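Biologist: I would like to learn how to read a protein model. Could you walk me through one, step by step?

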Amino acid sequence: MAGEARSDCLFCKIAVGEVPATVVRETETTIAFRDINPQAPTHVLVIPKAHHPDAAALAAAEPQIAADVLREAQAVAAEEGAESYRIVFNTGAGAGQTVFHAHAHVLGGRGLQWPPG
Ligand code: 5GP
Ligand code: ZN
C-alpha cells in the first residue's frame, strides 16, 4: 500500500536508518541526505518518509507531504548557500529514475545548463 515502508526499497531503508546516509535535514514527514554520487557541489535528495513510487504519485496521494518535500528542498538550498539551484523529480525510467521512492534532487553550487539532456 502506498505510504507504507517497503522492505525492498532503498530509500525506505534510509528513512528508518537501516541504510546509512549523510542526513542534512529531517522533519516529521521528510528526510534530506547527500546523494552518494553527487553531480554538483550541492546534490541532496529530499524524500517523503512514507513510500510513494514517484513524485506524481506522492502529489496525488499526499499533496501536503509533496509540499513539505518542496519546502525542504528550498531549505536545503538556502542552508547550502546556493543562490541558483535546480529541483528535479525524475519520473519514470525513461527520464532517468532509478530509485522508485519519490525524491527531489537539489542541485547547486555550479552553473547548470538548460535543457539538461
Ligand atoms: P534517480 O536516478 O532515481 O532520479 O535518483 C536516484 C539517486 O539516488 C541517484 O542520484 C543515486 O546516485 C542516488 N543513490 C543511489 N543509491 C544511493 C545510496 O545508497 N545512498 C545515497 N545517499 N544515494 C543513493
Ligand atoms: Zn520506499
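Biologist: Let's begin with contacts. Which residues does Ala 15 touch, leaving out those up to four places away in sequence?

Modeller: Two residues count as touching when their C-beta atoms, placed from the backbone, lie within 7 Å. In this predicted model, Ala 15 touches Ile 31, Ile 47 and Lys 49 once residues up to four places away in sequence are set aside. You can find Ala 15 in helix H1, which covers residues 10-15.

Biologist: Is Ala 15 buried or exposed?

Modeller: Here we count neighbours: with 20 or more other C-beta atoms within 10 Å a residue is buried, with 12 or fewer it is exposed, and in between it is partly exposed. Ala 15 has 22 other C-beta atoms within 10 Å, so it is buried.

Biologist: Now Ala 21. Why is Ala 21 called partly exposed?

Modeller: Ala 21 is partly exposed because its count is 19 other C-beta atoms within 10 Å, and a residue needs 20 or more to be buried. Ala 21 sits in the loop between H1 and strand S1 (23-26). Leaving aside neighbours within four places in sequence, Ala 21 is in contact with Ile 14 and Phe 33.

Biologist: How far is Trp 114 from Ala 15 and Ala 21, in sequence and in space?

Modeller: For each pair we give a separation along the chain and a C-alpha to C-alpha distance. Ala 15 and Trp 114 are 99 residues apart in sequence and 32 Å apart in space. For Ala 21 and Trp 114, the values are 93 residues and 30 Å.

Biologist: What is the form of the peptide bond from Trp 114 to Pro 115?

Modeller: Look at the angle omega. The bond from Trp 114 to Pro 115 is cis, with omega near 0°. Pro 115 belongs to the segment after S5.

Biologist: Let's step back to the whole chain. How many helices and strands does the protein chain have?

Modeller: The protein chain has three helices and five strands. Their order along the sequence is α-β-β-β-α-α-β-β. The radius of gyration is 13 Å, close to the 13 Å that the globule rule gives for 117 residues, so the chain is as compact as a globular protein of that length. Of the 117 residues, 29% count as buried. Among contacts between residues at least 6 apart in sequence, 60% join residues at least 24 apart.

Biologist: What does UniProt list for residues 10-117?

Modeller: An unreviewed UniProt entry lists residues 10-117 as "domain: HIT". In the model, that span is 28% helix and 23% strand, and its end C-alpha atoms lie 26 Å apart.

Biologist: Which residue does the UniProt annotation "active site" cover?

Modeller: In the unreviewed entry, that annotation covers His 103. His 103 lies in the loop between strand S4 (85-88) and strand S5 (104-108). His 103 has 27 other C-beta atoms within 10 Å, so it is buried. Not counting residues up to four places away in sequence, His 103 touches Phe 11, Leu 45, Val 46 and Ile 47.

Biologist: How many residues surround ligand 1?

Modeller: There are 13 residues around ligand 1, and the closest are Ile 36, Asn 37, Asn 90, Thr 98 and Val 99. Sorted by class, this shell has six nonpolar, five polar and two charged residues.

Biologist: Lastly, what average pLDDT does the protein chain have?

Modeller: The pLDDT of the protein chain averages 96, and 98% of the residues score at least 70. For the complex, the predictor gives an ipTM of 0.99 and a pTM of 0.97.

Technical notes: Residues numbered from 1 in each chain as written. Chains lettered and ligands numbered in written order. Predicted model: local features only at pLDDT ≥ 70, side-chain atom pairs only at ≥ 80, totals over all residues. Helix = DSSP H or I, 4+ residues; strand = E, 2+ residues; numbered from the N terminus. Rg over C-alpha atoms; globule rule 2.2 N^0.38 Å. Near = placed C-beta within 6 Å. Nonpolar A, V, L, I, M, F, W, Y, C, P; charged D, E, K, R; others polar. UniProt positions renumbered as here; feature names shortened; annotations may be inferred. pLDDT = per-residue confidence, 0-100.
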